[in-house]
Amino acid sequence: MPTNLAFAAGLAALALAQNSVGLFAAWAIIGLVMGCGLYEAAFSAIVRLYGHDSRNAITGITLIAGFASTIGWPLSVLLEGQWGWRGACLGWAALHIALGLPLNSLLPRARSIASPHQVAAGTAQPARAPARASALTYVVLAFVFAATWFISTAMAAHLPHLLQDAGVTFAVAVGVAALVGPAQVAGRLLEFGLLRAVHPLLSARLAGLAHPAGVLVLLLGGPPAATLFAVLHGAGNGILTIAKGTLPLAIFGAHGYGARQGWLMMPARVAQALAPFIFSLALTRWGVGSLWLSGTLGLLVFIALMCLPR
């Protein structure tokens, strides 16, 4: 609930900004709240509610959230057309208060999750939890999340430009880039259906190969392969978004999940912030050849996931 109020405050500050100082201050507020009020917070709340049996709920959240841009972009355009960009910001702030706060108030009260110390003392029943993980596992997972966020953010910021450098016209590039969202939803449906019976590490490994495979297809096939590249990238990214929530749960267990997610995702937030700038430099210098950067990162993600024990 506090994040809804903080989002509303940041959006209101953005609407009222009159100079660069006010603009950057407002975005600083919004960026801070994004770090504690989006997927990671939702995943932590779900694990707090359902413990180790949270995989389907996490998948369901990402499945619904996959349509956020489908609704958000047209609604933003509508609000801006009616009241300008400042009015659009105030409109979204009002939605956080009028819609977000009541929805959050309907969440059930979380049950406590037994800690290993409570289990050892005999004061709580042991929860299903995997074996103790090594410090190297933390490092590998942190790298996997940072690399996947770098790739997804870089593609989100530069995909139309990248496709144009690959020889696709502007109109076709925009249309192909729009396929990423539906492909993400399709990937999450696949995770919710066929892959729900397998270990999340296996589905993450398959998803980790999707972007490198798409890169190879586009570099070898040229413009006719642009659609397949977007679909592969989107589907893989959709499943990896789920893996950010389910892999730490499967490997480390439910106790301390929220704090652990915060530490694991910290490098990913830095990578997300740097991705548009770094990839723009690569795109300017190498054009479509910059795909070797994202493709190599994706391949390293797959190798890292192969090194993780089940």
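Residues are classed here as buried when their relative accessible area is under 20%, as exposed when it is over 50%, and as partly exposed in between, with a 1.4 Å probe and protein chains only. By this criterion Ala-171 is exposed, with a relative accessible area of 60%. Ala-171 lies in helix 8 (residues 170-177), where helices (H or I, at least four residues) are DSSP runs, numbered from the N terminus. Between Ala-171 and Leu-283 the separation is 112 residues in sequence and 20 Å in space, C-alpha to C-alpha.

The model is predicted, so that local features need pLDDT of at least 70 and side-chain atom pairs count only at pLDDT 80 or more, whereas totals for chains, interfaces and linings use all residues. Residues are numbered from 1 along each chain as its sequence is written, and side-chain values use heavy atoms, with hydrogens and water left out.

Two buried residues with polar side chain interactions were examined next. Asn-4 is found in helix 1 (residues 2-16) and counts as buried at 7% relative accessibility. The side chain of Asn-4 makes a polar contact with the side chain of His-96 at 3.3 Å, a polar contact being a pair of N or O atoms within 3.5 Å, of which, within protein, one must be able to donate a hydrogen and the other to accept it, while residues adjacent in sequence count only if both atoms are side-chain atoms. When neighbours within four places in sequence are left aside, Asn-4 is in contact (heavy atoms within 4.5 Å) with His-96, Gly-100, Leu-101 and Asn-104. Ser-152, found in helix 7 (residues 135-165), counts as buried at 16% relative accessibility. The side chain of Ser-152 reaches the backbone oxygen of Trp-149 at 3.2 Å, and, apart from neighbours within four places in sequence, Ser-152 is in contact with His-233 and Asn-237.

Attention then turns to helix 10 (residues 200-208), in which Gly-208 is found. Gly-208 is buried, with a relative accessible area of 4%, and, leaving aside neighbours within four places in sequence, is in contact with Leu-240, Gly-298 and Phe-302.

Helix 10 and helix 14 (residues 291-307) pack at an angle of about 160°, with their axes 8 Å apart; the axes are lines fitted to C-alpha atoms, for helices over the stretch in contact, and angles run from 0 to 180 degrees between N-to-C directions. Helix 10 and helix 14 are therefore roughly antiparallel to each other, given that angles over 145 degrees count as roughly antiparallel, those under 35 as roughly parallel, those from 65 to 115 as roughly perpendicular and the rest as oblique. The contact is made by Leu-201, Ala-204, Arg-205 and Gly-208 of helix 10 together with Gly-298, Phe-302, Leu-305 and Met-306 of helix 14. The residues of this contact divide into five nonpolar, two polar and one charged, where Ala, Val, Leu, Ile, Met, Phe, Trp, Tyr, Cys and Pro count as nonpolar, Asp, Glu, Lys and Arg as charged, and the others, Gly among them, as polar.

The axes of helix 10 and helix 12 (residues 226-252) come within 9 Å and cross at roughly 150°, and these two helices are therefore roughly antiparallel to each other. On the side of helix 10 the contact is made by Pro-200, Leu-201, Ser-203, Ala-204, Ala-207 and Gly-208, and on that of helix 12 by Gly-236, Ile-239, Leu-240, Ala-243, Thr-246, Leu-247 and Ala-250. By class, the contact of helix 10 with helix 12 has nine nonpolar, four polar and no charged residues.
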